[in-house]
Amino acid sequence: MEYNFREIEQKWQAYWKNNHIYKTEIDLDKPKYYVLDMFPYPSGAGLHVGHPLGYIASDIFSRYKRLQGFNVLHPMGYDAFGLPAEQYAIQTGQHPAVTTKKNIARYREQLDKIGFCYDWNREIRTCEPDYYKWTQWAFIQMFNHYFNKQLQKAQPIESLVKVFETVGTEGIQAACSDELQFTAQEWNSKTEKEQQEILLNYRIAYLADLKVNWCPELGTVLANDEVSEGVSVRGGYPVEQRVMRQWSLRVSAYAQRLLDGLNTIEWTDSLTETQKNWIGRSEGAELRFDIKDQDFNFEVFTTRADTIYGVTFMVLAPESELVKQLTTPEQAEEVADYLDATKKRTERERLADRRVTGVFSGSYAINPVSGTEIPIWISDYVLSGYGTGAIMAVPAHDSRDYAFAKHFNLPIIPLIEGCDVSLESFDAKEGIMMNSGFLNGLSVKQAIAKAKAYISEKNLGRLKVNFRLRDAIFSRQRYWGEPFPVYYKDNMPYMLDESRLPLELPKIDKYLPTEKGEPPLGRAKEWHTEDNFPLELCTMPGFAGSSAYYLRYMDPKNDKALVSPEANQYWRNVDLYIGGTEHATGHLIYSRFWNKFLFDLGLVCEDEPFKKLINQGMIQGRSNFVYRIKNSNTFVSLNLKNQYETTPIHVDVNIVSNDMLDIEQFKNWNPEYKNAEFILENDVKYHCGWVVEKMSKSMYNVVNPDDIVGKYGADTLRLYEMFLGPLEQSKPWDTNGIDGVHRFLKKLWSLFYKNESFIVNNEEPSPEELKVLHKTIKKITFDIENFSYNTSVSAFMICVNELFALKCNKKSILEPLVILLAPFAPHIAEELYQALGNTVTVCDAVFPVCNEEYLKESKVKYPISFNGKVRFTLELPADMRKEDVEETALANEQTLKLLDGKVPKKIIVVPGKIVNIVL
RNA sequence: GCCCGGAUGGUGGAAUGGUAGACACGAAGGACUUAAAAUCCUUUGGCUUCACGGCUGUGCGGGUUCAAGUCCCGCUUCGGGUACCA
């Protein structure tokens with residue numbers, strides 16, 4: 001009987017489905033294990049072979065854990081809201097839901113063919129009302145809470161209101177946008193609207209004025225990458241920096257906890273590092289500067305308080321509120337011109353074009369330590385959003401300040417002994433201080449500490465920790481996203497009652513902004529509450545739906561809660577999360593934030609959502625080329641092309657095999673090549689060139705998993721994807737080589753069947769066979785635990801090669817091997833497991849355990865080396881004493897020959913490993 | 001600029017500081033076959049030798065060690081991330 005993968009795979013996929021093999025329920029008698037893939041956005045292009053890489057890896061681990069007796073949760077779903085579907089809708093008028101549904105069906109079909117063990121009963125789609133109900137619900141909770149900095153957790157906003165009513169802002173520790181100060185009396189005398197406006201300053205989900213790229217012609221906010229040289233990429237309309245009222249999430253309040261949490265989870269170093277940088281904690285001081293001749297002062301943030309004696313100018317961000325205050329009448333015109341010029345530039349342009357620009361404000365600050373007068377400048381190299389939007393410039397020790405000082409001819413005072421600042425600044429935090437009054441003679445580290453102490457003591461400012469992490473802008477002027485559960489009364493936002501959720505997306509006629517420039521939802525009829533209050537017109541961004549989806553999988557059908565306490569208590573959090581690095585600073589920050597918020601509310605029992613995280617590498621494309629001789633329709637093979645003047649042309653990798661072009665298929669591939677002629681090599685073949693680049697349609701290097709499954713089967717695809725190389729490494733997809741793993745499966749099959757008959761017997765295994773099996777068990781177990789799946793596949797190959805050489809057809813050896821292989825190649829494993837006489841699925845077998853007894857070697861081949869170079873090997877008993885090994889090695893004939901009468905200086909014997917004779 | 005990864009045969013890659021190149025692809029040769037496919041066997045880093053063998057070899061230059069692809073220092077180079085963050 002032949003290995004008929006088509007029949008086998010269809011048979012078992014149907015069996016799994018009909019018998020609900022992958023349905024998962026809470027089982028208090030078993031330990032749980034939660035394995036999650038980053039769910040895909042169902043794009044119109046379908047899956048290519050790069051997508052399943054991580055899914056296969058997680059599938060192997062899920063099946064492995066199940067075989068080890070764990071109750072495994074392994075769900076899948078779709079991140080279904082998103083821009084491509086909406087753009088398609090704008091072009092075609094087709095509702096995004098229709099396109100999305102179609103794409104999901106296609107994804108599902110492709111996924112099913114690969115034989116994953118997903119529990120599809122738990123499937124979720126972020127665009128479904130019964131799912132996004134809970135996204136909206138979470139938003140309401142965020143609106144109704146503020147972040148208490150003292151407790152480092154979210155608290156109900158009512159408790160803050162109580163404080164305001166009794167003592168005002170006195171002593172409050174609430175994360176906020178602006179530091180406000182008022183008394184209880186002032187609070188109590190404010191109107192409802194005023195009070196609501198103030199509360200927005202504290203809510204975790206808040207509405208605030210933010211600077212955005214606004215395109216009046218298109219009527220929408222644009223992302224930085226949608227703007228170029230001041231005009232929109234689409235249409236070329238002017239774009240301006242504009243302050244708009246947008247929803248935001250106060251992610252920054254959680255900065256410290258997001259940072260601390262990284263130490264409690266097992267993520268890769270690089271990912272942890274990326275998040276740390278993104279959160280960007282910096283310790284420093286906020287230092288107060290008085291203004292000359294004015295009863296006014298402002299603060300700057302610095303991490304280098306030690307450089308206070310080197311401050312030769314101050315710089316304000318153009319957007320800073322201080323600009324107005326500090327611009328003198330004489331400088332007013334020049335400053336206004338500068339502000340105008342900078343306003344026109346987008347953030348992107350500012351970054352791209354690093355020319356030094358700036359203008360003098362006319363005012364002077366007083367150095368709080370030295371008392372000197374310092375000119376205050378305005379420049380766009382200072383960001384309004386970080387620190388206080390103003391800096392003290394120390395050109396000798398900061399490269400940006402240095403460039404500015406050189407450009408405007410401002411003084412540069414070096415503060416470190418022996419440093420040369422004639423050509424560039426000295427930014428390193430090392431050396432001995434000079435020109436610095438009471439700090440002279442100290443090392444930089446000591447000086448930083450002393451300066452900080454001085455500042456607190458003399459009350460010149462305060463110690464401060466700043467974070468780079470920004471709040472997340474949460475409004476999008478789009479249709480295909482979650483509607484906000486928000487209505488407006490007297491222009492103030494209010495939350496809908498939870499009983500009104502989900503607030504479903506309304507139908508609209510066109511997916512474009514309205515004539516008035518409102519977002520698409522402005523077109524909806526009846527888009528208001530029963531009391532006629534208008535509903536919010538923006539929708540939520542892409543990351544909203546993916547921020548808590550892992551919780552929903554625990555209890556996907558619950559209409560009373562996002563997740564029941566019982567389900568959450570059992571499944572807790574994700575034990576293993578596999579996905580791409582592209583989410584390092586987006587989704588993986590937002591969902592950690594979202595989870596921590598829900599944790600604060602007591603709604604989930606774990607502070608961190610993803611215990612262990614692995615990033616699978618990207619699968620790159622491997623493109624093939626043919627070489628056309630210039631001005632002809634003749635193609636010359638790779639190794640002959642240098643004899644001609646040629647143009648390389650991408651050719652579809654699917655009509656190339658082992659870099660040999662299928663000439664007939666090529667002729668049919670494009671009518672242009674119908675009559676093409678070919679110059680072949682000696683082997684009468686056309687060899688193609690190749691290069692590794694991004695997998696994309698335009699390079700004709702996209703490989704569809706369906707084609708691979710059709711030709712070789714799902715088990716071969718699964719094994720081959722793993723065999724390509726280490727999981728976390730980026731690597732090109734190259735279908736060359738897939739024959740190797742397919743041959744392996746056929747060879748495995750041949751241990752069971754020969755000429756139509758089943759040849760497995762019940763004979764007792766030999767010690768050698770047992771050694772082969774148990775060696776493999778040990779290796780596979782180790783590899784799975786370490787996600788080293790490429791070496792597992794090779795271990796399987798070695799095992800089968802050895803059993804083949806031993807002509808082993810014994811059930812006692814083959815059955816454990818089949819179970820071992822089941823996580824990797826589940827279809828063939830099921831088939832062979834059944835053939836061995838089992839009547840239940842191999843999914844519920846018991847994973848074999850290595851018995852070290854079988855691995856014991858009686859003899860060891862010692863490499864005998866001289867000065868580290870191996871000269872020959874010597875087979876000795878494994879339990880031979882070190883001294884005896886040394887003696888035997890030295891007495892050996894070949895040793896004597898190599899010693900040539902010399903006396904060794906030293907002899908190293910590593911028992912069981914090696915002998916090294918040092919001459 | 002900063003941070004994080006890599007660099008090993010024609011190719012993908014393997015190697016707890018202990019025989020570099022496992023496993024696989026490709027290639028070459030052979031067996032079977034009318035033929036092809038499939039399958040099986042042999043060889044396959046480079047140089048050198050009739051052969052036994054020898055020399056050399058993990059991006060480059062140093063170092064530690066009895067022993068380095070692996071550890072340390074200094075580079076080169078290719079990916080990826082991130083950035084006027086004071």
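**Loop geometry and aromatic contacts**

Proline 502 is found in the loop between strand 19 (492-495) and helix 16. In this predicted model, a cis peptide bond joins leucine 501 to proline 502. The omega angle of that bond is about -5°.

Two residues other than glycine carry a positive phi. For asparagine 491, phi is near 65°. Asparagine 491 lies in the loop between strand 18 and strand 19. Its relative accessibility is 61%, above the 50% cut-off, so asparagine 491 counts as exposed. For tyrosine 700, phi is near 55°. Tyrosine 700 is placed in the loop between strand 28 (689-693) and helix 21 (705-712). At 38% relative accessibility, tyrosine 700 is partly exposed.

Aromatic contacts were examined next. The count comes to 66 aromatic pairs. In one of them, the ring centres of phenylalanine 61 and tyrosine 64 are 5.8 Å apart. Their planes meet at 55°, so this pair is tilted. Both residues lie in helix 2 (residues 52-67). They are 3 residues apart, about one turn of the helix. Phenylalanine 61 is buried at 3% relative accessibility. Tyrosine 64 is also buried, with a relative accessible area of 0%.

The rings of phenylalanine 474 and phenylalanine 543 have their centres 5.5 Å apart. The angle between their planes is 55°, so the pair is tilted. Phenylalanine 474 sits in the loop between strand 17 (472-473) and strand 18 (486-489), while phenylalanine 543 belongs to helix 16 (residues 542-546). The pair therefore ties together parts that are 69 residues apart in sequence. Phenylalanine 474 is buried, with a relative accessible area of 0%. Phenylalanine 543 has a relative accessible area of 12% and is buried too.

Phe61 and Tyr64 also take part in a cluster linked by ring pairs. Over the ring of phenylalanine 70 sits the charged end of lysine 65, 4.2 Å from the ring centre. Lysine 747 lies over the face of phenylalanine 804, at 4.7 Å from the ring centre.

On the surface, Val870, Ile908, Val910 and Ile914 form a nonpolar patch. Together they have about 280 Å² of accessible area. Valine 910 is found in strand 34 (residues 906-910). Its relative accessible area is 36%, and valine 910 is partly exposed.

Methods:
Residues numbered from 1 in each chain as written. Chains lettered and ligands numbered in written order. Predicted model: local features only at pLDDT ≥ 70, side-chain atom pairs only at ≥ 80, totals over all residues. Heavy atoms only, no water. Phe/Tyr/Trp six-rings, centres within 6.5 Å; stacked < 30°, edge-to-face > 60°. Helix = DSSP H or I, 4+ residues; strand = E, 2+ residues; numbered from the N terminus. Buried < 20%, exposed > 50% of the residue type's maximum accessible area, 1.4 Å probe, protein only. Lys NZ or Arg CZ within 6 Å of the ring centre and 35° of its normal. Patch = residues over 30% accessible without salt bridge, like charges linked within 9 Å, V, L, I, M, F, W, Y side chains within 5 Å. Areas by Shrake-Rupley, 256 points an atom, 1.4 Å probe, with all protein chains shown as cover. Salt bridge = Lys/Arg side-chain N within 4 Å of Asp/Glu carboxyl O.
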